[in-house]
Amino acid sequence: MARVLFINGGSEGHINPTIGVVQELISRGVEVVYFCIEAFRERLEKTGASVRTFDDQKFIKAFISGGRDYLLERINGLLLTADIFIPSVLEQIEGEHFDYIIHDSMFGCGHMLAQILKLPAVSSCTSFAQTKDSFDKMLEPFFTEVSTEIAKPINDKFQNLTAMIKDKYEVEIHSPYEVFCNPAPLTIVYTTREFQPEGEAFDQTYKFVGPSISWRCTRENFYFPAIKEKNLIYISLGTVFNQAIDFYKLCFEAFKNTDHFIVMAIGNKVQISDLGKIPKNFIVQNYVPQTDVLQYAKLFITHGGMNSTHEGLYYGVPLIVIPQSADQPIIAGQVVNIGTGIQLQMQSLTANQLRESADHVISRSSFKKAVANISESFRKTGGYHQAVDEIFQFKNTN
């Protein structure tokens, strides 16, 4: 039986696309040892994987200590997590054999561990992929526009950290790109070339398998007859940047006394009781089974995380994207570029603007047509089945 070491330090958006991949690997006779944080243990164990965990609080503290103002500071933060994560993994797998490693593309220690363990590596990319050229262009303003007194100490720290890691772990780090994007001989990208910005720029080591949407165990109790045959709008800001009481109240103002029926998921950082009186045409819960609800929705108002965007488009739902942070503005831009929705800004948003925008997107056939096209392209790709086919082919040639 083949054994794979799966490394993922990410959040919900990095974990969920791998669920189907892990289930498929196991169904084909592969033993999966999966490293993640404790919060995802139960979810991964239900796939049949053997789950190992690491101290996420120490990891986050080390990452944040690198600084947050500039991209290279965040890269330094990823380097600082090496002494938290690498010894923990090496200790927990001591004496075990693995045939290959799969690591998250944005988890800085994945590329390092592949070198340390001398294993064939697969990168699991749950965001848009980046070439070295596109990454270098993104990093370039730091060196050309930031003052020397700020940039030099940050760059010196990068050089010192890479030298320290080389001495300690015998790992070569040639560029910030290797830390931030974790390149590998095979990269599985959970989108299509059509949705990927500049998709034609990626060579055949990048396999665009489409959204990896699989069954997942949910904790939510949801009464589906309440939303069937309704003019349904689904609203969610995801699982990370969802502490937005003012936005939720703005949604009440925008859609109360309308013909729309609203399902709104607010996460666990806001109490439903904090929102005051809930309009009669709203269902508000901390969590809802998103992929199930989307199958009834006419519109999805979202933060534009990659998972949520993929799921909305996969089920043929036009989007209003209100990006919060991270790569969400880039994803929102791509949604607009392909005509599947519009982008709004949280800072200037009004109830009238939100309501009028919703009516506009729902009523225009151009949005429906564009969404139908991208949904079809998503469904034609193999998702997690295709991902495992590519992994097996890679393993057989290595």
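Let's start with helix H10: its buried residues pack against strands E8 (232–236), E9 (261–265), E10 (282–285) and E11 (299–302), and against helix H14 (351–363). Contact here means heavy atoms within 4.5 Å. Helices (H or I, at least four residues) and strands (E, at least two) are DSSP runs, numbered from the N terminus.

A word on the source. This is a predicted model, where local features need pLDDT of at least 70 and side-chain atom pairs count only at pLDDT 80 or more, while totals for chains, interfaces and linings use all residues. Residues are numbered from 1 along each chain as its sequence is written, and side-chain values use heavy atoms, with hydrogens and water left out.

Back to H10. Which residues of H10 (residues 245–255) are buried? They are Phe-247, Tyr-248, Leu-250, Cys-251, Phe-252, Ala-254 and Phe-255. Buried means under 20% relative accessible area, exposed over 50%, and partly exposed in between, with a 1.4 Å probe and protein chains only. After H10 comes Asn-257, with a positive phi near 60 degrees.

Next, helix H13. H13 spans residues 328–337, and its buried residues are Gln-328, Ile-331, Ala-332, Gln-334 and Val-335. These sit on the same side of H13, because they cover an arc of only 160 degrees around the axis. That arc is taken from the directions from the helix axis to the C-beta atoms. Remember the general rule: an α-helix has 3.6 residues a turn, so residues three or four places apart point the same way.

What covers the buried residues of H13? The cover includes helix H12 (306–314), strand E12 (319–321) and strand E13 (341–343). Just after H13, Gly-339 has a positive phi of about 80 degrees.

Where is His-303? In the loop between E11 and H12. Is His-303 buried or exposed? Buried, with a relative accessible area of 7%. Leaving out residues up to four places away in sequence, His-303 touches several residues, among them Ser-236, Gly-238, Val-321 and Gln-328.

Last, the whole chain. The chain has 16 helices and 13 strands. Of its 398 residues, 54% count as buried. Among contacts with a separation of 6 or more, 65% join residues 24 or more positions apart. The C-alpha atoms fill a box of roughly 65 × 55 × 40 Å along the principal axes.
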